Amino acid sequence: MSTATPTPDHVTHQALRTRIEHDIARSGLMQHLGARLGDVAPGRVHIHLPFAASVTQHLGLFHAGATATIGDAAGGWAALTLQPPGHTVLTVEFKINLLAAGQGESLEAVGRVVRSGRTLTVCQVDIFALQAGEKTAIALMQQTIMAMPERQP
């Protein structure tokens, strides 16, 4: 059950997407990893990570650090979709359970707001490996996000 605060009607899905694309463009780590924005809706964001040797560990599987990184991004940006203009978010903490080996053509992290408060937002992130059209759950994350006024870089 979600108690996410609805986004005001005047904020379109395209406006939410543009806001997150702007953040991704400013995120050196997202650029370095090759992460891409997927679906965006109020309280929900998908992040995709294509397979590349640069995001693997010694066995050729997706590295847990890359998995956690896109999970953190998906949850954080899901929380951002419910914030007013002039505010941003920052991760306070997260916990991740790695459920299966990360192997496939890509990973998809689906961040969802569970509860959005004035200062703190709790998100859940499901992370899947995609291979030949099949999705396998490989990780589950829960995180706490803090809202704050945006600072100029």
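Reply:
**The sheet and its helix**

Six strands make an open sheet, ordered β1-β2-β4-β5-β6-β3, with antiparallel pairing. The edges are held by β1 and β3 (87-98); each has a single partner strand, so one side of each lacks a neighbour in the sheet. On average, neighbouring strands of this sheet are turned by 25° against each other, direction ignored.

Some terms. Strands (E, at least two residues) and helices (H or I, at least four) are DSSP runs, numbered from the N terminus. Two strands pair if DSSP finds at least two bridges between them. Axes are lines fitted to C-alpha atoms, for helices over the stretch in contact; angles run from 0 to 180 degrees between N-to-C directions.

The model is predicted: local features need pLDDT of at least 70, side-chain atom pairs count only at pLDDT 80 or more, and totals for chains, interfaces and linings use all residues. Residues are numbered from 1 along each chain as its sequence is written, and side-chain values use heavy atoms, without hydrogens or water.

β1 (residues 36-41) pairs with β2 (residues 44-50) in the antiparallel sense, over four bridges. Arg36 stands opposite His48 in β2. Two residues separate β1 and β2 in a hairpin, and Gly43 in the turn has a positive phi of about 80°.

β3 and β6 (residues 134-149) run antiparallel, joined by 11 bridges. Asn97 has Leu140 in β6 as its bridge partner.

The helix comes next. α1 lies across β1, β2 and β3, at about 150° to β1. Asp23 lies in α1 (residues 13-26). Asp23 counts as buried because its relative accessibility is 12%; buried means under 20% relative accessible area, exposed over 50%, partly exposed in between (1.4 Å probe, protein chains only). Leaving out residues up to four places away in sequence, Asp23 touches Trp77 and Leu80, where contact means heavy atoms within 4.5 Å.
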